[in-house]
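Have the viewer open as you read.

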Amino acid sequence: SRRGVKYTQPDVDVLKALVAFANSANGGAILIGIKAIKGPHGAQTPQIIGCDVSDEQSVLAAAEREQSELGSIGVLVNDAGVLRDNLLFKMSSSDWDTVMGVHLRGAFLWSRAAQAQMVPEKWGKIGDLSSASALGNRGQANYSAAQAGMQGFTKSLAIELGPFGIN
């Protein structure tokens with residue numbers, strides 16, 4: 001890694017547990033910011049900062065805390081997701097809004113917060129996860145639209161932020 005952090009198997013196990021926790025809490029609408037902090041004897045201890053990715057104030061507060069406690073965000077992975085599958089005629093507006101809020105709004109809010117810290121450093125990595133569902137699936141109009149939106153969002157960020165060393 002850029003900062004010379006090496007992860008061990010216990011670190012990977014911790015990360016897997018955190019992802020499982022995130023996927024169970026509030027439909028996945030949580031961010032877990034992890035930075036390795038060197039402890040005694042070089043051990044790595046993950047620092048966890050959680051927030052509702054669809055809430056602007058929650059994201060801003062978490063990003064500020066991340067910067068003040070751990071330094072600037074160097075790597076962001078937008079992977080928060082939620083499913084509210086249903087056929088279109090049965091899908092509620094709330095289900096649509098929840099999926100768009102977590103997937104697209106969450107990625108937008110976190111990418112905006114992270115790029116504000118990355119641009120001055122002229123370095124950063126932003127990874128956005130999507131799926132083949134972007135091409136459409138029965139009962140997943142909301143999820144498919146969010147996945148297609150993530151792909152367009154990612155391409156736009158690459159064009160916009162690439163000149164600042166962020167990819």
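## Overall layout

This is a predicted model. The chain holds 4 helices and 6 strands, and read from the N terminus its elements follow the order α-β-β-β-β-α-β-α-β-α.

Of the 167 residues in the chain, 37% are buried. Among contacts in the chain with a separation of 6 or more, 62% are between residues 24 or more positions apart.

## H3 against H4

How do helix H3 and helix H4 pack? H3 covers residues 93–121 and H4 covers residues 141–161; their axes lie 9 Å apart at an angle of about 15°. With angles under 35 degrees counted as roughly parallel, H3 and H4 are therefore roughly parallel to each other. The crossing of H3 past H4 is right-handed.

On the H3 side, the contact is made by Asp95, Trp96, Val99, Met100, His103, Leu104, Ala107, Phe108, Ser111 and Gln115. H4 contributes Ala141, Asn142, Tyr143, Ala145, Ala146, Gln147, Gly149, Met150, Phe153, Leu157 and Leu161. By residue class, this contact of H3 with H4 has 14 nonpolar, 6 polar and 1 charged.

## H2 against H3

H3 also packs with helix H2 (residues 56–70): their axes come within 10 Å and cross at roughly 35°. This crossing, too, is right-handed.

Here Glu56, Val59, Ala62, Ala63 and Gln67 of H2 meet Arg105, Leu109, Trp110, Arg112, Ala113 and Gln117 of H3. Sorted by class, the residues of the contact of H2 with H3 are 6 nonpolar, 2 polar and 3 charged.

## A closer look at H4

Does the length of H4 agree with or depart from what its 21 residues should span? At 1.5 Å a residue the helix should span 30 Å, and its end C-alpha atoms are 30 Å apart, which agrees.

The buried residues of H4 are Asn142, Tyr143, Ser144, Ala146, Gln147, Met150, Phe153, Leu157 and Leu161. Their cover includes H3, together with strand E5 (75–78) and strand E6 (125–128).

## Met150

Met150 lies in H4. Is Met150 buried or exposed? Its relative accessible area is 3%, and under 20% counts as buried, so Met150 is buried.

Setting aside neighbours within four places in sequence, Met150 is in contact with Asn78, His103, Leu104, Ala107, Asp128, Leu129 and Ser130. One of these, His103, is 47 residues away along the chain, yet the C-alpha atoms of Met150 and His103 are separated by 7.5 Å.

Glu121 belongs to H3 and, at 35% relative accessibility, counts as partly exposed. Its C-alpha is 8.7 Å from that of Ser72, although Glu121 and Ser72 are 49 residues apart in sequence.

Lys122 sits in the loop between H3 and E6. With a relative accessible area of 61%, Lys122 is exposed. What is the phi of Lys122? Phi is near 55°, a positive value in a residue other than glycine. For context, most residues other than glycine have a negative phi.

How values were computed:
Residues are numbered from 1 along each chain as its sequence is written. This is a predicted model: local features need pLDDT of at least 70, side-chain atom pairs count only at pLDDT 80 or more; totals for chains, interfaces and linings use all residues. Side-chain values use heavy atoms; hydrogens and water are left out. Axes are lines fitted to C-alpha atoms, for helices over the stretch in contact, and angles run from 0 to 180 degrees between N-to-C directions. Helices (H or I, at least four residues) and strands (E, at least two) are DSSP runs, numbered from the N terminus. Angles under 35 degrees count as roughly parallel, over 145 as roughly antiparallel, 65 to 115 as roughly perpendicular and the rest as oblique. A crossing is left-handed if the near helix is turned anticlockwise from the far one by less than a right angle, and right-handed if clockwise. Contact means heavy atoms within 4.5 Å. Ala, Val, Leu, Ile, Met, Phe, Trp, Tyr, Cys and Pro count as nonpolar, Asp, Glu, Lys and Arg as charged, and the others, Gly among them, as polar. The expected span of a helix is 1.5 Å times one less than its number of residues. Buried means under 20% relative accessible area, exposed over 50%, partly exposed in between (1.4 Å probe, protein chains only).
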